[in-house]
Amino acid sequence: MGSIFRSEEMTLCQLFLSSEAAYNCVSELGEIGLVQFRDLNPDVNAFQRKFVHEVRRCDEMERKLRYLETEMKKDNVPILDNGENPEAPQPREMIDLEATFEKLENEMKEVNSNAETLKKNSLELMELKHVLLTTQLFFDEHEVQSTMNIEQRDSEPGTSITQNLLPAEEGKGPVQLGFVAGVTLRERMPMFERMLWRVCRGNVFVRRADIQQPLEDPITGEEVFKTVFIIFFQGEQLKTKVKKICEGCRATMYPCPEAGAERKEMAQGVKGRLDDLSTVLSQTTDHRRRVLAAAAKHLRTWFIKVRKIKAIYHTLNMLNLDVTNKCLIAECWIPTSDLGVIRDALRKGTERSGSSVEPILNRMQTQLKPPTFHRTNKFTSGFQNLIDAYGVATYREVNPALYTTTTFPFLFAVMFGDAGHGVLMLAFAAWMVIREKALIAAKMSGEIWNIFFGGRYIILLMSCFSIYTGIIYNDVFSKSFNIFGSAWHINSNATVENLEHWEELTLDPANREEYSGKPYPFGFDPMWQIAVNKIAFQNSYKMKISIIIGVIHMIFGVVVSLYNHTFFRNYISLVFEFIPQMIFLIGMFGWLCIMVFIKWIMYGAGPEFGEERSSFCAPSVLITFINMVLLKKEKEDPTTPCKVFMFEGQYILQLVLLVLCIICVPLMLFPKPLILKSLHNSKKRHHEQQAIAQNGELGGEATTSGHGEEEEEFEFSEVFIEQAIHTIEFVLGSVSHTASYLRLWALSLAHAQLSEVLWNMVMKIGLSQSSYTGSIMLYLIFAAWAALTISILVLMEGLSAFLHTLRLHWVEFQSKFYKGEGYAFTPLTFKHIVSGDEDDA
Amino acid sequence: MCVYVTNRGKGGRSSLPSSPLRPESTMAFCGYKFSLCLLLISCWGLVQLLLMGMLFYCETPAFLEDLPLTGPYENVGQYMNDVHHGFGTNALNCLIAACLYIITLGVSGWQFYLNQKTTYQV
């Protein structure tokens, strides 16, 4: 029987698979995702497992695919996602896949390295082009000057720039100026110049010109600014020095001919080569794009296939090889109700592999604790996650997630309580739910979005309940709606003379002129919104219902523990835990709630209630409760017609309840450990008698009883301390948890007040304009008010209320019955591989 | 974040980003997210301000504290006059603001539509 009330019944099975069929069977089991394999080789190193080579090959393939993926992302090639679910390929197809990936990887690497070389060449050519251009400028300038000088000095035309300007001195040969031209980064230029100056002792002349356009660095792909320099020097030694400095400062030198005509020729040659290179470069990038686009069509399918193969081999590594080496043995946990489905999957896998040997599925008896498996759908999985975050349920314990589907939104709504904000939340949640399929397919990243989207049904329910409580609190963006007509009316005291002197007008509910006696049918009367003492009235109401809701929730938790006790046949707990707990809770805090109801029904304002039952005489429930525990009997006050107690015999009744509750405490503490101890002793005596009776017979009996002995170790002190902790936790916790439910009141008060403040401080400014130009003001202020409403009141308060509701469930509700000591069912499944989660198996 | 293009039944639409020569991309002065926010706030503003305008016109006492009332009054008649005048002014202001939000709705809707064509959002 599978349902969300309890976790599924699980069986430990032994699976015998023939070696040929093993791969396909595991593949089919992964597709259905209902089998959790146990690791039968836990102490075997990862590198000593049977299929370690295949896993390594899969890792290699995945690495190649990731490399291709990064290349595609670099080029913005879109990766196709058509949502298909390819089956895990056969082992022999792995070789084909490996060959394809190898080929693709090599091609990509080749293309990339070629592109890099081409880019380097093109960079060099560009730099050379700039060098030639700049030196052309230098020499032109000088030739202009020198032509001027030539006219003046009347020497031969066309002098070389490097010719000595001074007439050759006697005895010394003509000394030519040498030069070196090159390119370096703009940032390095000052350092370079300083180095030259210092090393060559100022005997070199440097001219520089910046290259205006940035050049692309072939390795990093960044754009850098470079400078052309030309260094003039005299003599061989300076030449070597300059060359060494250039190499040291990583400036690239380019050979530059002296003569202008040669330079022009070189420039044209460079231009031609540059054009050729750019054509080749564009063709290379085109080819790269084509290769990537072709691969992009299959990339997702390949990823899924490789990950599936890896998962299957990981699973196969967990299996044991039997003696004959012909078949693999697996131990797995399966839900008992799914045996048929699993047998079908195994049959399918065997057929595909073409093996004739049927796999054998044996159920095993075991003492091991099975995993906890809750079958959830898209609606309940959100709530189940909330519960599992606290602790996974013990095997076959009652699942609180079932009740959480209703109590969680309800408690949230009690704290949130504004119909306007509820409508906003509903719009958001409804959009997410209606566009569910499209949003899942869009695979949006972003953790916060995934959290909101995963909880869309929770938010939907929370908003619906909030609209309901908003109508009850009669609060829509801090304004009330008057749908049925208020029960309050202005009295005859509201004359102009009176109102001139009075700050406020008091309406007395006992006066049937002012209060009609027929209360507002549904929710708070709208008159309270403009009443000065609204908060005092609402406080009384909200605190009382918080306590009532809290006590009901806790009693419900204790009742759920009854189901657990009966299911696990834990009758000792049933009698000595459940019954005292119920009596204590109902006797103390249930009585508190009953007193609240009695006061609400019996006391009131108006002529229908007598003097004794007037609102003046209503006793304080809290004081009565405290006096009950302190056994105080207050004396009647003769001056007023009021009575201390609400009915005859209340004192006796309270005394009886108190005594009952006090008896419950030792009932919770002592009997259970003592009974457990006596049970354990009697069992031990029974085993000893059995062992004596079967003296000499070795074998299964003795070993099982010995095995049983080990598990039934019994330390009385431990059990007693545990029971004491449990008792103290419950008794003290009942007081503190009941008070803790007052947060339902606190948060709803805070929300209402924040909402009111926001309206009064923001929106009112826009509405208090006395001219028609106030509409522009209102237009802008509305946007500000709306933004603040969403950010503060819906998001922040919503998150806060969500958190407090979660705490109420985890601590106050679940501590009454939940053990949460199980471990989750983690079957072998390919769902997350297909959906593209980045889970590394 | 890698963008996955779903190719189900779309009939092979081009998936290249818009070139700068297309006129729509230059006319979009809001981004995708901003136009979406404006769109949503305009819808909400339209609905709420229309409702508030009608309620002010009906002179609901819930909005009594939101009226522009000035200082102490000599007599009741003056006070009542101001109250009625205040309700009327506010009603008209709300309706005018609602009309402004209709315009904003139009503009932001147009911007959103332009941005829609160049992104792969849902």
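A charge is taken to sit over a ring if NZ of Lys or CZ of Arg is within 6 Å of the ring centre and within 35 degrees of the ring normal. By this criterion, the charged end of Lys677(A) lies over the ring of Phe716(A), 5.3 Å from its centre. The charged end of Lys542(A) sits over the ring of Tyr473(A), at 4.4 Å from the ring centre.

The model is predicted: local features need pLDDT of at least 70, side-chain atom pairs count only at pLDDT 80 or more, and totals for chains, interfaces and linings use all residues. Residues are numbered from 1 along each chain as its sequence is written, chains are lettered from A and ligands numbered from 1 in the order in which they are written, and side-chain values use heavy atoms, with hydrogens and water left out.

Chain A has 24 helices and 12 strands. Helices (H or I, at least four residues) and strands (E, at least two) are DSSP runs, numbered from the N terminus. The radius of gyration of chain A is 44 Å, well over the 28 Å that the globule rule gives for 841 residues, so the chain is more spread out than a compact globule. This radius is taken over C-alpha atoms, and the globule rule is 2.2 Å times the number of residues to the power 0.38. Along the principal axes, the C-alpha atoms of chain A fill a box of roughly 140 × 110 × 50 Å. Of the 841 residues in chain A, 43% are buried. Buried means under 20% relative accessible area, exposed over 50%, and partly exposed in between (1.4 Å probe, protein chains only).

The domain assignment divides chain A into domain 1 (1-40 + 318-373), domain 2 (139-272), domain 3 (379-483 + 505-532 + 750-824) and domain 4 (534-741). Such bounds come from an automatic or database domain assignment. The centres of domain 1 and domain 4 of chain A, taken over C-alpha atoms, are separated by 46 Å.

Two residues of helix 6 (residues 260-317) of chain A illustrate separations within the chain. Tyr313(A) belongs to this helix and is buried, with a relative accessible area of 5%. Its C-alpha atom is separated by 84 Å from that of Glu636(A), 323 residues apart along the chain. Arg307(A) also has its place in helix 6 of chain A. Arg307(A) is buried at 17% relative accessible area.

Helix 9 (residues 401-416) of chain A has 16 residues and reaches 21 Å from its first C-alpha to its last, close to the 22 Å expected at 1.5 Å a residue. The expected span is 1.5 Å times one less than the number of residues. A kink of about 30 degrees lies at Thr407(A), shortly before the proline Pro409(A). The bend at a residue is the angle between axes fitted to the seven residues ending there and the seven starting there. Helix 9 of chain A is mostly covered, with 13 of its 16 residues buried. Gly417(A) follows the helix and has a positive phi, near 40 degrees.

Helix 21 (residues 716-740) of chain A has 25 residues and should span 36 Å at 1.5 Å a residue; its end C-alpha atoms are 34 Å apart, which agrees. A kink of about 40 degrees is centred on Gly733(A). Among the buried residues of helix 21 are Val719(A), Phe730(A), Gly733(A) and His737(A).

Over all chains, the structure holds 52 aromatic pairs. Rings of Phe, Tyr and Trp (its six-membered ring) pair if their centres lie within 6.5 Å; planes under 30 degrees apart count as stacked, over 60 as edge-to-face and the rest as tilted. The rings of Phe5(A) and Tyr563(A) have centres 5.8 Å apart and planes at 85 degrees, so this pair is edge-to-face. The pair links distant parts of the chain, 558 residues apart: Phe5(A) is in the segment before strand 1 (10-18) of chain A, and Tyr563(A) is in helix 15 (residues 534-567) of chain A. Phe5(A) is partly exposed at 21% relative accessibility, as is Tyr563(A) at 42%. Phe428(A) and Trp431(A) form a stacked pair, 6.4 Å centre to centre with 25 degrees between the planes. They are 3 residues apart in helix 10 (residues 419-434) of chain A, and so are separated by about one helical turn.

Chain B comes to 3 helices and 1 strand. From the N terminus on, its elements run β-α-α-α. Of its 122 residues, 30% count as buried. Ring pairs link residues of chains A and B into a cluster, including Trp759(A), Tyr779(A), Trp44(B) and Phe87(B).
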